Amino acid sequence: MTKGWITAPKLFGRDSIRWSGGLLFLIILISVVAALVERRERQEYRATLSLGEMMPAYTASSVDETEVSIKEFQGSFVLLNFWATWCSTCVDQFPGMQLLLDEFEGRPLKVVSVHLDGEDRAGVQELWNRWGYGWLNLFDHPARVEAVFGWGDRYPKTILVNRDGTVGVWWRGRMDPTSPENRALIDEAMSGRAVWRPEG
């Protein structure tokens, strides 16, 4: 046998059966693990934000580190949005949210955004001020949000909190407040009927 050469697995015989069996086992193992992860993720989604139940106690901080509790807005409907500057899908939602806020002027609806992954709060706030959106922007860290909601690290996510502090509807992924479907969900929640939307 010549040194330095690696013998390729035989295509037939016991070696090939062992090699094929090992590959098949690995594929099955990966599929099982992926299914378990997805199942756990879905269970977490359902367990943390349930139809009509009280919103988990949650606070985020302003640019000057002042803690703000979502409970402070009880009595109004709150569209609570989690975003990051690196997430273009997140930023794409904001014009629609501003349109919704303008249209609902005089009605008990507030929008609150929470920026994640930003160490430079002053820089993010300067960008926010330049955009000119008319609602409060707060700051938090993804790990802290995960500890409260347990819903994974994919963003954006948006929750409509009812006036009494219960969960009315929530979205994971991009949420267009101006779409007929989402407008119907928001109108239904604001009419006093809690609704449930586990996926966006």
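Of the 200 residues of the protein, 40% count as buried (under 20% relative accessible area, with exposed over 50% and partly exposed in between; 1.4 Å probe, protein chains only). The model is predicted: local features need pLDDT of at least 70, side-chain atom pairs count only at pLDDT 80 or more, and totals for chains, interfaces and linings use all residues. Residues are numbered from 1 along each chain as its sequence is written, and side-chain values use heavy atoms, without hydrogens and water.

Mean pLDDT, the predictor's confidence in each residue from 0 to 100, is 80 for the protein. A value of 70 or more is reached by 75% of the residues. Over residues 4-8 the pLDDT is below 50, and this stretch has 1 contact beyond near neighbours in sequence (contact: heavy atoms within 4.5 Å). Residues 37-47 also stay under 50; for them the model has 10 contacts beyond four places in sequence.

The secondary structure comprises 6 helices and 7 strands. Helices (H or I, at least four residues) and strands (E, at least two) are DSSP runs, numbered from the N terminus. Their order from the N terminus is α-β-β-β-α-α-β-α-β-α-β-β-α. Among contacts in the protein with a separation of 6 or more, 70% join residues 24 or more positions apart.

Helix 3 spans residues 94-103. Its buried residues are Phe94, Gly96, Met97, Gln98, Leu100 and Leu101. Their cover includes strand 3 (77-83), helix 2 (88-92), strand 4 (109-116), helix 4 (121-131), strand 6 (157-161) and helix 6 (180-190).

In helix 6, the buried residues are Asn182, Arg183, Leu185, Ile186, Ala189 and Met190. They lie on the same side of helix 6, because they cover an arc of only 160° around the axis (the arc of the directions from the helix axis to the C-beta atoms). Elements covering them include strand 3, helix 3, strand 4, strand 6 and strand 7 (167-172). Glycine 192 follows helix 6 and has a positive phi, near 105°.

A search of the whole structure finds 1 cavity of 30 Å³ or more. A cavity is a set of points on a 1 Å grid over the protein atoms alone where a 1.4 Å probe fits but cannot get out; lining residues have an atom within 4 Å of a point. The largest cavity has a volume of about 100 Å³, the space filled by probe spheres set on the points. Its lining has 14 residues, with Ile70, Lys71, Gln74, Val161 and Gly165 nearest the centre. The lining divides into 9 nonpolar, 4 polar and 1 charged (nonpolar: Ala, Val, Leu, Ile, Met, Phe, Trp, Tyr, Cys and Pro; charged: Asp, Glu, Lys and Arg; polar: the others, Gly among them).

Notes. 1 Å grid on protein atoms, 1.4 Å probe; cavity = no way out; pocket = protein on both sides within 12 Å on 5 of 7 lines; lining within 4 Å.
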